[in-house]
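Work through the exercises below with the sequence and the model open. Each task is followed by a solution in steps.

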Protein chains: 2
Amino acid sequence: MAERVQQVVAVMGRGVVDRGTGLASGDDLGLTRGDGCFDATLVRWDGEGWLVHDLDEHLERLRRSADALGIPLADDDAWIELVGDALEAWQGADEAALKMVLTRGDEHGDGTPLAFLTLTAVDERMQAQRAGISVVTLPRGYASDGFEGAPWLLGGVKLLSYAVHVSAKREASARGADDPVFTSSDGYVLEAPTSAVVWLRGGVIATTPTGATGILDSISARKILGGAEQHGWRAERRLVTPAELAEADAVWLVSSVRGVAPVTALDGRALRTDDEATRTVRALNGF
Amino acid sequence: MAERVQQVVAVMGRGVVDRGTGLASGDDLGLTRGDGCFDATLVRWDGEGWLVHDLDEHLERLRRSADALGIPLADDDAWIELVGDALEAWQGADEAALKMVLTRGDEHGDGTPLAFLTLTAVDERMQAQRAGISVVTLPRGYASDGFEGAPWLLGGVKLLSYAVHVSAKREASARGADDPVFTSSDGYVLEAPTSAVVWLRGGVIATTPTGATGILDSISARKILGGAEQHGWRAERRLVTPAELAEADAVWLVSSVRGVAPVTALDGRALRTDDEATRTVRALNGF
């Protein structure tokens, strides 16, 4: 292997397996159709034990994704036990990404889904991005109300069908930026491939609305907006254009694994940052 | 297993493997991100040997998909040999779907892609649909020019990220139809999840344009339009509304595995069919 990143893999009903074990058959719909969902969060060693960030919230969102797809999901206790098994086997760094994956299982099988998790060391590049990231806007192709009344488009579902997100990340890299931020066909900011956009302006902390936009309900953004009032900020969910965003007092990309990353540049234009506000947002997010 | 469908699985570099063998690890990007592509065609026993329909064209399209994703693909000879190995092991029905799958491989691996194929008996429901199918239109969320200048959206790439297509099929079933037909946000017919739409009106045989629409370049539609002139038809690629489509002399969904399926109803409204034209379209398609 070119790169030997630390990783533990555990399968529902089997426990920890050797890394590299083939899990999905050639008939698995997660593999052949991206027909499944996942969720991910951060695991950290806090000096005494392993802390899984917001596991309940992530299991709840995984359950909403599974329900939207009509795929049965093991109960929370089974997942919590599997996470425990994986952490027991973990010999790696103090920070790891926990990814929980569910597929519809074999297309011509008995309907048993495939469920597994991976624990992977958080890479240095992602850790470095917590100090600041540059982003470019990329059209996502959908209108900001494109998911209204169209549940088959699976808005808000954290799908395994993520190829466009990965492709947009490659495009952003090619343009010299760290991450893309998707925009709607009617010119609004949506989300980044694995993060929500949060911004502060004139004492109002805001993020983009879920629902008709089809964006994911970010657990990080929910926590940050949920606790904003105690810091004297008003919280708001609303649409914003890239031009408005560029006028904000501070902008962050927030996600469970990377945490809070101040956006330092948008489409090549330097953005204002606010270290004190970033500390507050981090405290609200939990790290 | 509830349903014991005939299937053979063969892996690039390994040959035929036991059905159910785990092929994708928990770190495989095809599995965790739908980051990969596939192509599919029909295999038939013609009385003397196995006929793989348009294998060259499907390998060419698979190569275009792989190139768009930047994933290395084995050469045609290796695929042709693998198909031969699978057919040698095939003990099943006279008709099978050949699916060739390529993923980016392990996220934290050495960059080796995963390539495999499956050969699966064509099910009776699909065979029955060749006699006629009912469809409902479902908005896809994109404008008909939504993919213009946005290569990161991967228009025309036969992605493993197919969950929305599968979900739309479930929605169509729930509405009592056989298949959905996607429409653009500006009101045009695009394609079905695994078929192109072809229609005949006043001696003009037409299908929807690729490119800015993001739809797949259908090999079946290309063959049908390519040979139309010898039957006195003019061939055209153009946008059409569902209302216009309902006024056609005949409408078909065409795909490599299902072949030519006359559309008998669109959004609950009965459509004209034309048996003679269907025979001609089938001849142009090769079966």
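**Exercise 1. The interface**

Task: In this predicted model, state what area is buried between chain B and chain A, and which residues of chain B lose the most area.

Solution.
Step 1. The size of an interface is often given as the accessible area lost when the parts come together. Between chain B and chain A, about 4500 Å² is buried, and carbon and sulfur atoms give 59% of that area.
Step 2. On the chain B side, the most area is lost by B:R33, B:H108 and B:W152; together they make up 19% of what that side buries.
Step 3. Counted by contacts, 56 residues of chain B meet 56 residues of chain A.

**Exercise 2. Polar links and elements**

Task: Count the salt bridges and the residue pairs in polar contact between chain B and chain A, then find which element of chain B gives the largest share of the side that touches chain A.

Solution.
Step 1. The number of salt bridges between the two chains is zero.
Step 2. With both residues at pLDDT 80 or more, 22 residue pairs are in polar contact.
Step 3. Two or more residues on the chain B side come from each of α1 (29–33), β5 (95–103), β6 (114–121), β7 (133–139) and α5 (163–174) of chain B.
Step 4. The largest share, seven residues, belongs to α5(B).

**Exercise 3. One serine at the contact**

Task: Is A:S161 buried or exposed, and which backbone nitrogens of chain B does its side chain reach?

Solution.
Step 1. Locate A:S161 in the loop between β7 (133–139) and α5 (163–174) of chain A.
Step 2. Buried means under 20% relative accessible area. A:S161 has 15% relative accessibility, so it counts as buried.
Step 3. The side chain of A:S161 reaches the backbone nitrogen of B:Y162 at 3.1 Å. A polar atom of that side chain also lies 3.0 Å from the backbone nitrogen of B:A163.
Step 4. Beyond its neighbours within four places in sequence, A:S161 is in contact with residues including A:R33, A:G34, B:R33 and B:S161.

**Exercise 4. The faces of a helix**

Task: For helix α3 (residues 76–89) of chain A, find which residues are buried and where they fall around the axis.

Solution.
Step 1. The helix has 14 residues and reaches 20 Å from its first C-alpha to its last, close to the 20 Å expected.
Step 2. The buried residues of α3(A) are A:W79, A:L82, A:V83, A:A86 and A:L87.
Step 3. Down the axis of α3(A), these buried residues fall within an arc of 140°, so they line one face of the helix.
Step 4. The face turned away from the buried side carries the exposed residues A:D77, A:E81 and A:E88.

Technical notes:
Residues are numbered from 1 along each chain as its sequence is written. Chains are lettered from A and ligands numbered from 1 in the order in which they are written. This is a predicted model: local features need pLDDT of at least 70, side-chain atom pairs count only at pLDDT 80 or more; totals for chains, interfaces and linings use all residues. Side-chain values use heavy atoms; hydrogens and water are left out. Helices (H or I, at least four residues) and strands (E, at least two) are DSSP runs, numbered from the N terminus. The expected span of a helix is 1.5 Å times one less than its number of residues. Buried means under 20% relative accessible area, exposed over 50%, partly exposed in between (1.4 Å probe, protein chains only). The arc is that of the directions from the helix axis to the C-beta atoms. Contact means heavy atoms within 4.5 Å. Buried area is the accessible area (1.4 Å probe) that two parts lose on being put together, summed over both. A salt bridge is a side-chain nitrogen of Lys or Arg within 4 Å of a carboxyl oxygen of Asp or Glu. A polar contact is a pair of N or O atoms within 3.5 Å; within protein, one must be able to donate a hydrogen and the other to accept it, and residues adjacent in sequence count only if both atoms are side-chain atoms.
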